[in-house]
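Trainee: I should like to learn how to read the features of a model such as this one. Please begin with charged side chains.

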Amino acid sequence: MNCQLCQNQLETCLDGQLAEDIRIQVEEHAKACPSCAESYHYTRIAARVIAEEKSRSFNPWLSTRVVAQIKKIESSRNSAEHVSVFSRLIRPVLATVSVAAAILAGVMIGSLYKPHDNTVNELPVELGYINDADLESFYLFSED
């Protein structure tokens, strides 16, 4: 028997559905070939795990509890989405209103300020003596 045939017959051999002479050939080949022996070993372990899982009994109310928890989580998400939509609408409006109030307060406080010294509004006498035409040459502005 070659490795390919042995690999194909492993599961049916372990299930007990293989003819006796072919089962003996598969087991003999698995004893002689290291790779087929490893496959035989892992297939036996997998069959044992599957058989153990099939023999376990499960709580019949488990699915009901799982579905109830899923519905509870979904309802909390939906209520959180409503709150987040409300927050997404209110938060920008409140931020805009607070910025506008801060600007208005700054303008009002600035308009209330009046200097105590009346000389601020008067121009110095020296400014009247300055001849602006002499400060810069008129020829700088001409294109000649």
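Mentor: Side chains of opposite charge can pair when their charged atoms come close. A salt bridge here is a side-chain nitrogen of Lys or Arg within 4 Å of a carboxyl oxygen of Asp or Glu. By this rule the count comes to two. Please bear in mind that this is a predicted model, in which local features need pLDDT of at least 70, side-chain atom pairs count only at pLDDT 80 or more, and totals for chains, interfaces and linings use all residues. Residues are numbered from 1 along each chain as its sequence is written, and side-chain values use heavy atoms, with hydrogens and water left out.

Trainee: Which residue forms a salt bridge with Glu20, and how far apart are the closest N and O atoms?

Mentor: The partner of Glu20 is Arg23, with 2.1 Å between the closest N and O atoms. Both residues lie in helix α2, three residues apart, about one turn of the helix. Helices (H or I, at least four residues) and strands (E, at least two) are DSSP runs, numbered from the N terminus.

Trainee: Which side chain meets Arg23 in the salt bridge of 3.0 Å?

Mentor: That is the side chain of Glu27, the distance again being taken from N to O. Arg23 and Glu27 are four residues apart in helix α2, and so about one helical turn separates them. Salt bridges that share partners join Glu20, Arg23 and Glu27 into one network. As to the spacing, an α-helix has 3.6 residues a turn, so residues three or four places apart point the same way.

Trainee: How does one check the length of helix α2?

Mentor: The expected span of a helix is 1.5 Å times one less than its number of residues. Helix α2 has 13 residues (20–32) and should therefore span 18 Å; its end C-alpha atoms are 19 Å apart, which agrees.

Trainee: Which residues of α2 are buried?

Mentor: They are Val26, His29 and Ala30. These residues cover an arc of only 100° around the axis, which puts them on the same side of α2. The arc is that of the directions from the helix axis to the C-beta atoms. The face turned away from the buried side carries the exposed residues Lys31 and Ala32. The buried residues of α2 pack against α1 (3–15) and α3 (34–55).

Trainee: What does His29 touch, not counting residues up to four places away in sequence?

Mentor: Contact means heavy atoms within 4.5 Å. On that basis, His29 touches Met1, Asn2, Cys3, Cys6 and Cys36. His29 counts as buried because its relative accessibility is 15%.

Trainee: Which residues does Ser39 contact, leaving aside its neighbours within four places in sequence?

Mentor: Ser39, found in helix α3, is in contact with Gln7 and Leu10. Ser39 and Gln7 are 32 residues apart along the chain, and their C-alpha atoms are separated by 7.4 Å.

Trainee: Which residues form the nonpolar patch on the surface?

Mentor: Patches are made of residues with over 30% relative accessible area and no salt bridge: like charges are joined within 9 Å, nonpolar side chains (Val, Leu, Ile, Met, Phe, Trp, Tyr) within 5 Å. Here Met1, Leu5 and Ile22 form a nonpolar patch, with about 240 Å² of accessible area together. Such areas come from the Shrake-Rupley method with a 1.4 Å probe; for residues, only the protein chains shown count as cover. Ile22 is found in helix α2 and is partly exposed, with a relative accessible area of 31%.

Trainee: What does the secondary structure of the chain come to?

Mentor: It comes to five helices and zero strands. Of the 144 residues of the chain, 8% count as buried.

Definitions and conventions. Buried means under 20% relative accessible area, exposed over 50%, partly exposed in between (1.4 Å probe, protein chains only).
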